[in-house]
Amino acid sequence: MQLRYAMTGVAVVLSLAGCQRTAYDNASYSSPAPLTAQPVPSVQGGQLPPPAGASQFPAAPTGAPAEPGQPGAMASNALDVSKESMVGSWRVNGRCDMFLTLTNLGSGSRGGTRGCVGELTAMGSWEVSGKQVLLKDRSGNQIGSVYKTADNSFSGQTSTGQPITLSR
């Protein structure tokens, strides 16, 4: 048993022998010498030429898009829609996702998109109005609407006339 205590003592002494305190003398260290400035060529200024093949203004649209909130924007064969049937995840135009919940947000329910571009990136809420589903931004302004065309399929447009299709 004495041998075991002796071995433990030797192990402790050897492990402590590897630990030592190192002190640095701050006076022996100095900051590096400052760098010298490099010459810089002169900067030129002037007007850039216009891009090749582009006119100053885009062509004006030829026709006015139908307002999505107006009854004329909805197909006459639109199917009845319930708020509960809309809840969940939808694929928008086959490219991005829309998520609709029943959580109240203003006059509608909370909703949002992921991976979408254009007006749909600002979507914050939605509500059912008759046979239409109105899509709204975070301020409550209507940004589009869709109507039910078949089970798990909706069609419509944004307020600027871009088509929207929802599918599951």
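Select Asp 97 to start: it is buried, with a relative accessible area of 14% (buried means under 20% relative accessible area, exposed over 50%, partly exposed in between, with a 1.4 Å probe and protein chains only). Before you go on, note that this is a predicted model, in which local features need pLDDT of at least 70, side-chain atom pairs count only at pLDDT 80 or more, and totals for chains, interfaces and linings use all residues. Residues are numbered from 1 along each chain as its sequence is written, and side-chain values use heavy atoms, with hydrogens and water left out.

**Stop 1: salt bridges**

The Arg 91 end is partly exposed, because its relative accessibility is 32%.

Next, pick Lys 136 and Glu 127. This is another salt bridge, with 2.8 Å between the closest N and O atoms, and here both Lys 136 and Glu 127 are buried.

Then move to Lys 148 and Asp 151, whose side chains meet in a salt bridge at 3.9 Å, N to O. Is Asp 151 buried or exposed? Asp 151 is exposed, since its relative accessible area is 67%.

**Stop 2: around Lys 148**

Centre the view on Lys 148, which sits in strand S6. (Helices, H or I with at least four residues, and strands, E with at least two, are DSSP runs numbered from the N terminus.) Lys 148 counts as buried because its relative accessibility is 15%. Which residues does it touch, not counting those up to four places away in sequence? Show Asn 77, Ala 78, Leu 79, Asp 80, Lys 131, Ser 153 and Phe 154; contact here means heavy atoms within 4.5 Å.

Follow the chain out of S6 and you come to Asn 152, in the loop between S6 and strand S7 (153–158). Check its backbone: phi is positive, about 60°, although Asn 152 is not a glycine. With a relative accessible area of 41%, Asn 152 is partly exposed.

Ser 139 lies between strand S5 (132–137) and strand S6 (142–150), and is exposed, at 63% relative accessibility. Draw a distance from Ser 139 to Gly 106: the two are 33 residues apart along the chain, and their C-alpha atoms are separated by 8.9 Å.

**Stop 3**

Select Gly 88, in strand S1 (residues 88–92). Its relative accessible area of 23% makes it partly exposed. Beyond four places in sequence, Gly 88 touches Met 98, Phe 99, Leu 100 and Arg 168.

Step on to Asn 93, in the loop between S1 and strand S2 (96–105). Here is another positive phi in a residue other than glycine, near 50°. Asn 93 is partly exposed, with 25% relative accessibility.

**Stop 4: the largest pocket**

The largest pocket has a volume of about 220 Å³. Of the 14 residues that line it, select the ones closest to its centre: Asn 93, Arg 95, Val 117, Leu 120 and Pro 163. To match this in your own tools, take a 1 Å grid over the protein atoms alone; a pocket is an open set of points where a 1.4 Å probe fits, with protein on both sides within 12 Å along at least five of seven lines, and lining residues have an atom within 4 Å of a point. Points are joined across faces, edges and corners, and the volume is the space filled by probe spheres set on them. By class, the lining has seven nonpolar, five polar and two charged residues (Ala, Val, Leu, Ile, Met, Phe, Trp, Tyr, Cys and Pro are nonpolar; Asp, Glu, Lys and Arg are charged; the others, Gly among them, are polar).

**Stop 5: helix H1 and the whole chain**

Go to helix H1, residues 2–17. Its end C-alpha atoms are 23 Å apart, which agrees with the 22 Å that 16 residues should span at 1.5 Å a residue (1.5 Å times one less than the number of residues). How many of its 16 residues are buried? The count is zero, so H1 is hardly covered.

Finally, zoom out and colour by secondary structure. The chain has two helices and eight strands, in the order α-α-β-β-β-β-β-β-β-β along the sequence. Of its 168 residues, 23% count as buried. Among contacts between residues at least 6 apart in sequence, 36% join residues at least 24 apart.

Methods:
Salt bridge = Lys/Arg side-chain N within 4 Å of Asp/Glu carboxyl O.
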